[in-house]
Amino acid sequence: MLVNLTSDTATQPTPPMLQAMFAAAVGDDVFRQDPTVNRLESSAAERFGMEAALFCPSGTMTNQLAIKCHTQALDEVICEEKSHVYQYEGGVYAMLSSVSMNLIQGERGKLLPGQIAAAVKPRYDWLPISRLLVLENTCNKGGGSIYTLAEASSLVQEARKQKLACHLDGARLFNALVETGESTEDWGRLFDTVSICLSKGLGAPVGSLLLGPQELIDRARRYRKVIGGGMRQAGYLAAAGLYALEHHVERLAEDNARARRLAATLTTLPCVSRVEQTETNICIFHLSGSQTASQFLEKLEEYNIKAVAFGPQTIRFTTHLGVSDAMIEYVEECLGRL
Ligand SMILES: *Cc1c(COP(=O)(O)O)cnc(C)c1O
């Protein structure tokens, strides 16, 4: 048995998803003539109560287009220090938008009340202009932590008082919503722009969406094109995204439950010193003694289990639609033998 807990991007399209892709009506999306892309964009925008949406190859592109559209050169973006936009997007905000990051240390990737007001810079010629707040729900490096709508609302309110624009990196927003029962409309109403990933737990092979006001999405579309993100018969990919949004949202609760089950097992193992709170499909844990993450991963490889190092002695397990209960049982059995 092969169990791939590396990332929820390891998902493979299911047979009915492939069928939907195969049957997609397509056209040249650069000319806005791909009916399936148009349908994906309009239905996703509607779901969030947004005016418009833009289908992009990756979440890095949707996040960075949002930063580009909300800022001007020499502005700064305020975000928690574990944020994907800072940690895992190659620092491209500096290149594409000529902005800097004002990083705040929160808790498990989440900002705390009062931190935004304290971080916003006064207007002096020698300081960057604080322009944009980015929140991430769930927070990947924070261990899949959830912002409740109430928590996010109070932070956004704080940001609005400071005249900041607000972007949500919602790559895994649906993993949070299936836990809280909150609605996409409420989250859409809160933010100027939202990005969501179709290629994580939702199981599409490629794709992210940027949602926002028409005028901003029009500008983002132009930037997408000039940085090489204009795709032609992208409807084949959009069909997978549509299928994912229609059929793979509710099932994310299973992934979350499986990750929590793994977390509970890990806490009983002597080779594990600490397991971080596991709210969704990401489980981060720390190894005891002098055991390194790469040694631990090598041992797992012998059992055909793949995971990823998240520090010298830290491992991340991620569950997704390619991980079954039987696989979790197998992983637990192997962990017991380590
Ligand atoms: C995966 C992810 C993204 C986008 O990553 P891509 O690999 O560029 O699609 C953005 N934000 C978060 C929190 C993510 O986990």
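Leu74 lies in the loop that joins α3 to β3 (75-80). In this predicted model, the phi angle of Leu74 is near 80°. That value is positive, and Leu74 is a residue other than glycine. Most residues other than glycine have a negative phi, and most peptide bonds are trans. Thr138 belongs to the loop between β5 (129-136) and α7 (149-161).

The ligand was examined next. The space it takes is the largest pocket. The shell around the ligand includes Ser58, Gly59, Thr60, Asn63, His84 and Glu89. Glu136, Asp169, Ala171, Arg172, Cys197 and Lys200 are also among the residues around the ligand. By class, two residues of this shell are nonpolar, five are polar and five are charged. Helix α3 (residues 59-70) makes the largest contribution to the shell, giving three residues.

For Lys200, a polar side-chain atom lies 2.9 Å from a ligand oxygen. Taken alone, the ligand exposes 380 Å². The protein buries 83% of that area.

Aromatic side chains were then considered. Five aromatic pairs are counted in the model. One of them is formed by Phe285 and Phe296. The two ring centres are 5.8 Å apart, and the angle between the planes is 75°. The arrangement is edge-to-face because planes over 60 degrees apart are classed that way. This pair links distant parts of the chain. Phe285 is in strand β10 (residues 282-287), whereas Phe296 is in helix α13 (residues 293-302). The two residues are 11 residues apart.

Key. Residues are numbered from 1 along each chain as its sequence is written. This is a predicted model: local features need pLDDT of at least 70, side-chain atom pairs count only at pLDDT 80 or more; totals for chains, interfaces and linings use all residues. Side-chain values use heavy atoms; hydrogens and water are left out. A residue is near a molecule or strand if one of its heavy atoms lies within 4 Å of it. A polar contact is a pair of N or O atoms within 3.5 Å; within protein, one must be able to donate a hydrogen and the other to accept it, and residues adjacent in sequence count only if both atoms are side-chain atoms. Accessible areas come from the Shrake-Rupley method with a 1.4 Å probe; for residues, only the protein chains shown count as cover. On a 1 Å grid over the protein atoms alone, a cavity is a set of points where a 1.4 Å probe fits but cannot get out, and a pocket is an open set with protein on both sides within 12 Å along at least five of seven lines; lining residues have an atom within 4 Å of a point. A molecule sits in a cavity or pocket if more than half of its atoms lie within 2 Å of its grid points. Helices (H or I, at least four residues) and strands (E, at least two) are DSSP runs, numbered from the N terminus. Ala, Val, Leu, Ile, Met, Phe, Trp, Tyr, Cys and Pro count as nonpolar, Asp, Glu, Lys and Arg as charged, and the others, Gly among them, as polar. Rings of Phe, Tyr and Trp (its six-membered ring) pair if their centres lie within 6.5 Å; planes under 30 degrees apart count as stacked, over 60 as edge-to-face and the rest as tilted.
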